[in-house]
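Here are my notes on the model, point by point. Have the coordinates open while you read.

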Amino acid sequence: MLEFAVELFSDYTARTILLGAASLGIVSGVVGSYAVLRKQSLVGDVMSHAALPGIVLAFLIMGVKEQLPIFIGAALSAVLAVFLINLITSNSRVKTDSAMGMALSVFFGLGLVLLTYAQKMPDANQAGLDKFLFGQAEALVGKDVLVIGVTGLFALLVVGLFWKEFKLLCFDPDFGGTMGFSMKSLDLLVTAVIVSAIVIGLQTVGVVLMSSMLIAPAVAARQWTGGMGSMVILAALIAAVSGVTGVALSAGLENVPTGPAVIVCVSVIAFFSVLFSPNGFFTLRFKDARSRREIKKDYVLKALHDLALEHDDPGYAHSEKLLALGSEKGFNVRKSLLQLQEAGHVERAGEENWRLTPSGIREIRKLSPVGSNG
Amino acid sequence: MSPHQFDIQLVAVIVAASCAIPGAFLVLRRMSMMTDAISHSILLGIILAFFLVKDLSSPILIVGAAASGVLAISLIEAVNRARLVKKDASIGIVFPFLFSVAVILLSKYARNVHIDTHSVLLGEIAFAPFNRLILSGMDLGPKSVYVMGSILLLNLLFISLFYKELKVSTFDESFASSIGFRPRLIHYLLMAVVSLTCVGAFDAVGSILVIALIVIPPCCAYLLTDSLFRMILLSVVFGISAAVSGFWVANWLDVNIAGSMAFVCGVFFLVVFLLAPQRGLFGIMREKRRQRMDFAEASLLVSLYNQEIGETVKNHPDSRGMFRSADFASKVVEFLKRKGEIAVAGGKLFLTEKGRERARMTVEGR
């Protein structure tokens, strides 16, 4: 494995490919954060699928597999899809989700039609056009990486320049509007940035899975941080690491297309974050269970104290059954008592009876306000 | 038309009809993008089941794969329960993952078998006629007609049994639960039906273009009717016509059939979107123009009427001045003259009896 890694990093071609994957990751992590925060994750999905007819048309018109025309074709057809979605939703009662479903499937369908048409053409130039479906990083050459880098830098530059404005757009567009920013043009600009991220991912990840490259890193980063800056940086890092790992895996294992390999890496990080981050699924469950346990313990302690006070003796022992009487069904009083015993707050007085220890009485004082009877 | 072509169209028609039926409810419930999630996710189920039974048209495979669709939906809902993941993002991270795992398994372990990454995207309806059902030496037609036909029957059965429940829970979920309809159960049943349909259609149209057949025909119907029953009926009609014409377009250009069906669906929607009598773009524009003209006419009449009864509007000694341009003003005057509601004499406007009546009715708000 190590040998493989060394070989990977010393080889020029491999270095080029990994550089491409890393820069793609950085850009999609940063840009994807905006898609996720604006609840437009699925728009990314539509745009990446919708890029397909543009790619093939660019090829059919130019007759060569040049990167720049393909980028432009892809971007134009993705933007056209978004434009149509807006046109349909603002002029009919068809809802956004349906309009997106339609745009996605029609553009992709048209792309496949064009693709099968191009594949019938006599010259062999179109070979590899279908690599845009699932991506193939091995085909990246130095020039491609350069174009990826320049496009990516442009996207990052726009994000940097409009940092404050984009933030307003994500969190409070109405307020942004009253401040005199044109939210409409900012919206267009964000769309343009997302499109450029999608376009540079076409060769590596492919149109089918590119949306996940935008969404998953941002979702993962969001679980760990609440700051916009830290989220964007973390998302970029996660995406770059997954990009490089995925490309390496796909190169190292036979018959594994690059796109799915990258997406599996980035999804694993996203799912891990959703489950185990401080706000994650399991962490919240765990915190819930702990606070329930504490509340039960406090309840038992207080009940013991209240009963004892009726005898004017804080150390008076009471039976477990009596304590259980006042509590809810399914409440395991003994479990809480044993936990309290471990903490030294109560002690056994006979088989079924328990009494507060001095430490338990001190604990009660901490729980209830001084002077009150509760 | 050769028997081969007939068989392909027969399969396409059945697929389109089965997709359109649950599609109508998905569109109304604003869950169209769930189709995207389901149709991608079932691929993993199909492949895992295929490794087990080694037969793409086995009922076990279809049911197993459909279960994976429902599983994906539950997974999305579970991820959604994490505090910081929005609905759209939870859809967007679950299905690409399942799809990626499926594609990797497919390209790594299932090479040169019946399914490959191309058929996943393109479908292979063109091969449907070759896989025939032969019982005791008798050729009963393509197998997929029977598989898809059963799914169509099941869909029909589902909506006829639960029509009332589906209708109420689609339009008013809280009312549905208050009268004891259990909308969650209906939701999962619908998801199961969609999954089953996607699995069945997978063979024919692949896992992405099935979205077109599920979402687009109901959207066309949605712009043409307000009745749920008619919407379902129209969806089926649109689906079937798109399937047949899509086939002929593909045949003519010698391109992929499924992609061409999706494209024709899009063309259908475009036509309906532009030309639908009341809800089409042109219809809406015509209606807006009519309202604007109506308002301008009434304004002019009322202004003249006010001058007649002595409440002269100082700003507009000539009422025509109220309009944004002289062109528009003379157009309004022309319209009113043709209706016989005003008369022009010496460059001045006068109300006719008919015009006075309309102005009075407008002022009195009748």
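1. Chain A has 17 helices and three strands, counted as DSSP runs numbered from the N terminus (helices H or I, at least four residues; strands E, at least two). Its radius of gyration is 30 Å, well over the 21 Å that the globule rule gives for 374 residues, so chain A is more spread out than a compact globule. That radius is taken over C-alpha atoms, and the rule is 2.2 Å times the number of residues to the power 0.38. The C-alpha trace of chain A spans about 100 × 60 × 35 Å along its principal axes.

2. A word on provenance: this is a predicted model, where local features need pLDDT of at least 70 and side-chain atom pairs count only at pLDDT 80 or more, while totals for chains, interfaces and linings use all residues. Residues are numbered from 1 along each chain as its sequence is written, with chains lettered from A and ligands numbered from 1 in the order in which they are written.

3. In chain A, 47% of the 374 residues are buried (20 or more other C-beta atoms within 10 Å of a residue's own; 12 or fewer is exposed, in between is partly exposed; C-beta atoms placed from the backbone). Of the chain A contacts between residues at least 6 apart in sequence, 69% join residues at least 24 apart; a contact means C-beta atoms, placed from the backbone, within 7 Å.

4. Chain A's open sheet runs β1-β3-β2, with antiparallel pairing (strands pair if DSSP finds at least two bridges between them). The edges are β1 (318–319) and β2 (346–348) of chain A. Two bridges join β1(A) to β3 (353–356) of chain A, and A:Ser319 has A:Asn353 as its bridge partner. Helix α14 (281–309) of chain A packs on this sheet, touching β1, β2 and β3 of chain A, with its direction about 85 degrees from that of β3(A). Axes here are lines fitted to C-alpha atoms, for helices over the stretch in contact, and angles run from 0 to 180 degrees between N-to-C directions.

5. Over in chain B, β3 (342–345) and β4 run antiparallel, joined by four bridges. B:Ala345 partners B:Lys348, and B:Gly346, in this hairpin with two residues between the strands, takes a positive phi near 60 degrees. On β4(B), B:Leu349 and B:Leu351 form the covered face, B:Lys348 and B:Phe350 the uncovered one.

6. Finally, the interface: 55 residues come from chain B and 51 residues from chain A. On chain B's side, α4(B) gives the most, with 13 residues.

How values were computed: Two residues are in contact if their C-beta atoms, placed from the backbone, lie within 7 Å.
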